[in-house]
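Reader: Please give me one close look at a part of this model, with the distances. Keep it brisk.

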Amino acid sequence: MEFAEFAGCASEIEEMSADTEIVEAVTDLLVAADDDLEALARFVQGRVFPAWDSTTLDIGPNYCYEAIARAAGRNVAADDVEAKLAELGDVGEVAASYDFGGQQGLGAFGDGSEDGLTVAEVYDELAALAAVEGSGSQDTKIDILFGLFNRTGSAEARYLARLVLSEMRIGVGEGTVRDAVAAGFDVPVEEVERALQVSNDYGRVARVAREDGTEGLAALDLSVGRPVQAMLAQAGTVSDALDDWEEAAVDWKYDGARVQLHYDPDGLDLPGDRDAPAGSPNVRVFSRNMEDVTDPLPEIVEYAEATLDEPAILDGEVVAMDGGEPLPFQEVLRRFRRKHDVARAREEVAVELRAFDCLHAGGEDLLEVPLTERHDCLRDLLGDDVSELVVSDDPDDIADVEADALDSGHEGIMLKNPESTYSPGRRGKNWLKRKPDVETLDLVVTGAEWGEGRRASFLGTFLLSAWTDSGFETIGKVATGITDEELAELTELLEPHVAAQDGQEVDLSPEVVFEVGYEEIQESPTYSSGYALRFPRFLGVREDKDPEDADSLDRVERLVDQQ
Ligand code: AMP
C-alpha cells in the first residue's frame, strides 16, 4: 500500500467520532493490506515496532524538526519548525504545512524510479534508522528521516511526523485494532484478544488471523524472550476480597519496580535476525513497559543463571536492599536507568528479585492455570526464595501477613483471588492492593479478654470505646496486629486497671488509649455506640493521650457521614 493511501485513511479516521465507524475504517484498511499488514496494524496505532520489542527509533523531537527543516528547503531552520509547532501545537500540522514536493516528485523521472512512498518502505527505513548506532548516529538518523520527508506530500508528512514521534492521535486504540482484526478476517474477538495477550504483537496477530484464521490464533502462545504485558492490580480492601472470593491469597507488596524475567538455558528466542545481546544469551529482564533492562541488572542475570535450569517466564518486583531493609523504589529506578559503570552502581545499591508469579515453566504456558498452581510452579523453580502463599478467609491471618510485611519495611500486602488466571495487561478485580487505612481512631480500652493456650497469661482481644458526654460507648474489639511481645507489654500496662472480672472477660477502667486502623465503620447493634469497626487493627498505644483526648462518638458519626 502506498503511504499516501494510509495517510488518507488516517486523515478520514481522525475526523470520525463514532467508535463503530472507526472500527469499520480500520477494518477496511487492514483488509486492503498486502505484505504490509503487520506494519499497518501497528502504524494505525502510532507504533512502528511490536509492543514486545523494546527497539525504539531513539530520535528526539529536535532531530525530527531538523529533518523537517531540511526537507522544507533552504530558508527553513529547525528553530522555525519549533516556532511553528508552538503556534500550531501538533508536529503533524507543522510537517503538513510545508511543501516537501513529494507528490510532485511522483513519476517525475518518467521511468517509475520515483514511485510514491509505500508503507513497507516507511517501515524498512524506520527499522534501518532504529538500527543505526555509534558516533555520528544522530546525523545518519536525520539523513534517513530527511529522505523520507522529502518524498512525502502534505497528508503523508502529517502522519509520518506523528508516527516518528509516537503521537498518532487519530483515536485508534488497542481495542479498535482488535475489533477490526476480528471483523476483517472473520475470527472471534475473544480469540484475537487471547492471541494479543500471549504474543503482544498486533501485526503478527493480524497476519495470523488473515492467513490461518481462528485455528492459527489458537496456536499462538508465549515465547520465552518476548515480554507480555504485566497483570495489574486495583486498590481494594480485605472486605472486598473476602466478600468476592471464598478465600484470599495474601502476598507482600514489595516497594520496587516490576520486572518480567525470561530465561532459557538453550538461548532465548530473540527478535528477527538481531544479534544476541551482550551479557547472558539466556536471560532477559524487562521493565513494566517492556523496556529491556537486562544490562543494568547483572545480579538478576546471575541469580537466574544460578537458580533456574529450565525455560521460564517469571513476574516479580526488583527491590533494592540494604542490610535486609528495602530501600526506596527510586533507588531501583536509578539502577534501571544506569547504562555506564554498572559495576559501581551495583556496589552502591544492590538489587534482588522478589518473584511472585510464573507465566511459563518447563515448556508449559501457565496463563490459564489458577494462581495457587502457578505459585507452586514458582516454588518448584526458585525454592525457598519464594515464600509460601498464605491463602485464608480469616482477617486475622491476613492482618498477620500485613504486619510482617510492614515490619520488614515493605509497603503492605496484595490480595489475590487464589483461583484467578493470569490476565496480561488487565487491571481487574482479581488482584487488589490493600488500601491503607484512610483514617485511624484513638479509642479508649474499656475491657479485655484473657487469652487461651500459649497466650493464657496475657490479655488479648481489647474492647474499644469512644467517649460521649454521658460516658464511654463500645464500638469494637481489636485482636489483630499485635505481636506476642506487644501482648506482654499491653498486659503489664492494663492489668492494674482491671475493675471487674467475669470468667475470661475483664472490665477495665478507662485509662489507656489505642490507635486503631479499620476499613470501614458500620452501623451495628452489637456495640452500645450503635456502630462497629470493620477489620480493626491495633496500631499502637497513644501514651501521649488521656481518655478525654481520645476520639468522641461525634467524630465517629462524622466519619460515617463521610464514608
Ligand atoms: P501500584 O504500583 O501501586 O499500582 O501497585 C501495583 C504494583 O505493585 C504492581 O505493578 C507491582 O509492581 C507491585 N507489586 C509489589 N509486590 C507485588 C506482589 N506481591 N504482587 C503483585 N504486584 C506486586
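**Ligand site, then helix packing**

Author: A polar backbone atom of Y254 lies 3.0 Å from a nitrogen atom of the ligand. That is a polar contact (a pair of N or O atoms within 3.5 Å). The model is predicted, so to speak of local features needs pLDDT of at least 70, and side-chain atom pairs count only at pLDDT 80 or more, while totals for chains, interfaces and linings use all residues. Residues are numbered from 1 along each chain as its sequence is written, and side-chain values use heavy atoms, with hydrogens and water left out.

Side chains reach the ligand too. D251 places a polar side-chain atom 3.3 Å from a ligand nitrogen atom. For K416, a polar side-chain atom is 2.8 Å from a nitrogen atom of the ligand. The residues surrounding the ligand (a heavy atom within 4 Å of it) include W252, K253, R258, R288, E317, F356, M414, W431 and K433.

Now the packing around helix α9, residues 137-149. Helices here are DSSP runs (H or I, at least four residues), numbered from the N terminus. Axes are lines fitted to C-alpha atoms over the stretch in contact, with angles from 0 to 180 degrees between N-to-C directions.

Take α4 (residues 61-72). Its axis and that of α9 are 8 Å apart, at an angle of about 45°. The pair is therefore oblique. Under 35 degrees counts as roughly parallel, over 145 as roughly antiparallel, 65 to 115 as roughly perpendicular, and the rest as oblique. The contact (heavy atoms within 4.5 Å) includes Y63, I68 and R70 of α4 and I142, D143 and F146 of α9. By class it has nine nonpolar, one polar and three charged residues. Ala, Val, Leu, Ile, Met, Phe, Trp, Tyr, Cys and Pro count as nonpolar, Asp, Glu, Lys and Arg as charged, and the others, Gly among them, as polar.

Next is α8 (residues 119-131). The axes of α8 and α9 come within 9 Å and cross at roughly 170°. That makes α8 roughly antiparallel to α9. Among the residues in contact are V122, E125 and L129 of α8 and K141, I144 and L148 of α9. This contact has eight nonpolar, no polar and two charged residues.

L145, L148 and F149 of α9 meet A157, L160, A161 and V164 of α10. The residues divide into seven nonpolar, no polar and no charged.

Note on methods: Helices (H or I, at least four residues) and strands (E, at least two) are DSSP runs, numbered from the N terminus. A polar contact is a pair of N or O atoms within 3.5 Å; within protein, one must be able to donate a hydrogen and the other to accept it, and residues adjacent in sequence count only if both atoms are side-chain atoms.
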